[in-house]
Amino acid sequence: MSHGLAPGFRFLDLGAGGGLPGLVIAGRAPSSTGVLLDGRTERARLLEGHVEQLGWGSRLAVAAVRAELAARDRRHRGAFDLVVARGFGPPPVTAECAAPLLRLGGLLVVSEPPEATGARWAAEPLSALGLEAVGPVAAVETAAGQAHYQVLRQVRPCPDRWPRRVGIPAKRPLYQVDATPPG
Ligand SMILES: C[S@@+](CC[C@H](N)C(=O)[O-])C[C@H]1O[C@@H](n2cnc3c(N)ncnc32)[C@H](O)[C@@H]1O
C-alpha cells in the first residue's frame, strides 16, 4: 500500500492503545515522525515507556488527549499526511475525529473486520468532512493472516465545525452504519 506517501511523512495513530499500528509504522518507516494518541492516561503512559525503550522519542510523541480536543489543537489540526486507526470506533466516529487532523490530500487508513464492505463508509456524510473513499475495502497478507483495511483521502479541507464536542461523535454518529444511505 503506497498511495504516494513521501519519505519523512507525518502520521498519527488514533486510539493507539498498546501501540498498534503506530509502533509498527514507526518501525517500518524510520524517517517518519508521528503521534500516538490515546485518551486514556494509563495507556498513554505505557506507550511513553515503549517509545522510550525503543529510543524513538525524538520522532514519536505520545498524546494523552481525547481526539476531539486534539483536532482543535493548532499543533495537530491539518498536520498529518496519514492517520491510522485500529479499533478506535465505528466508521462515522473514526472519520469525524480523523478528518480534521489530516492535511489536504492526506490519507486515513482504518483496519476493518474481514466481513466489512465499503458500504460502511457512506460517501455523502463523509463528503461533509472532506473525505472520499479510495476504492473498496482492501486485504493484505500478513504473518497473522489476512488484514482488511479501508483507505480514504482528504480531498477538501475539513470544515471548522468538525469534530463536535467530546463524546458527541459517538453519541450522535454522522450516520448509522447498518442503515447506510446510498452513495
Ligand atoms: C479497542 S482500543 C484499540 C487500541 C489499538 N489501536 C489496537 O488496535 O490494539 C481503542 C482505543 O481508542 C481509544 N479511544 C477511543 N475513543 C477515543 C477518543 N475519542 N479519543 C482518544 N482516544 C480514544 C481508547 O482509549 C482505546 O485505547
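## Glu68 and its polar partners

The side chains of Glu68 and Arg66 form a polar contact of 3.0 Å. This is a predicted model. One of its nitrogen atoms is 3.1 Å from a side-chain N or O atom of Glu68.

## Where Glu68 sits

Glu68 belongs to helix 3, which runs over residues 67–70. Its relative accessible area is 6%. The cut-off for buried is under 20%, so Glu68 is buried.

Beyond its neighbours within four places in sequence, Glu68 is in contact with Cys97, Pro163, Arg164, Arg165, Val166, Gly167 and Pro169. Phe11 gives a separate distance check. Glu68 and Phe11 are 57 residues apart along the chain, and their C-alpha atoms are separated by 17 Å.

## The ligand site

The ligand is surrounded by 16 residues. Gly15, Leu20, Asp38, Arg43 and Arg86 are the closest. The space that the ligand takes is the second largest pocket.

Backbone atoms also face ligand nitrogen. A polar backbone atom of Gly15 is 2.9 Å from a nitrogen atom of the ligand. For Gly39, a backbone N or O atom lies 3.0 Å from a ligand nitrogen atom. On its own, the ligand has 600 Å² of accessible area, and the protein covers 77% of it.

Another glutamate, Glu112, is found in strand 5, residues 102–112. Is Glu112 buried or exposed? Its relative accessibility is 8%. Buried means under 20%, so Glu112 counts as buried.

The side chains of Glu112 and Arg120 are joined by a polar contact of 2.7 Å. Setting aside residues up to four places away in sequence, Glu112 touches Arg120, Trp121, Val137, His148, Tyr149 and Gln150.

Key
Residues numbered from 1 in each chain as written. Predicted model: local features only at pLDDT ≥ 70, side-chain atom pairs only at ≥ 80, totals over all residues. Heavy atoms only, no water. Helix = DSSP H or I, 4+ residues; strand = E, 2+ residues; numbered from the N terminus. Buried < 20%, exposed > 50% of the residue type's maximum accessible area, 1.4 Å probe, protein only. Polar contact = N/O pair within 3.5 Å; in protein donor to acceptor, adjacent residues only side chain to side chain. Contact = heavy atoms within 4.5 Å. Near = heavy atom within 4 Å. Areas by Shrake-Rupley, 256 points an atom, 1.4 Å probe, with all protein chains shown as cover. 1 Å grid on protein atoms, 1.4 Å probe; cavity = no way out; pocket = protein on both sides within 12 Å on 5 of 7 lines; lining within 4 Å. Sits in = over half its atoms within 2 Å of the grid points.
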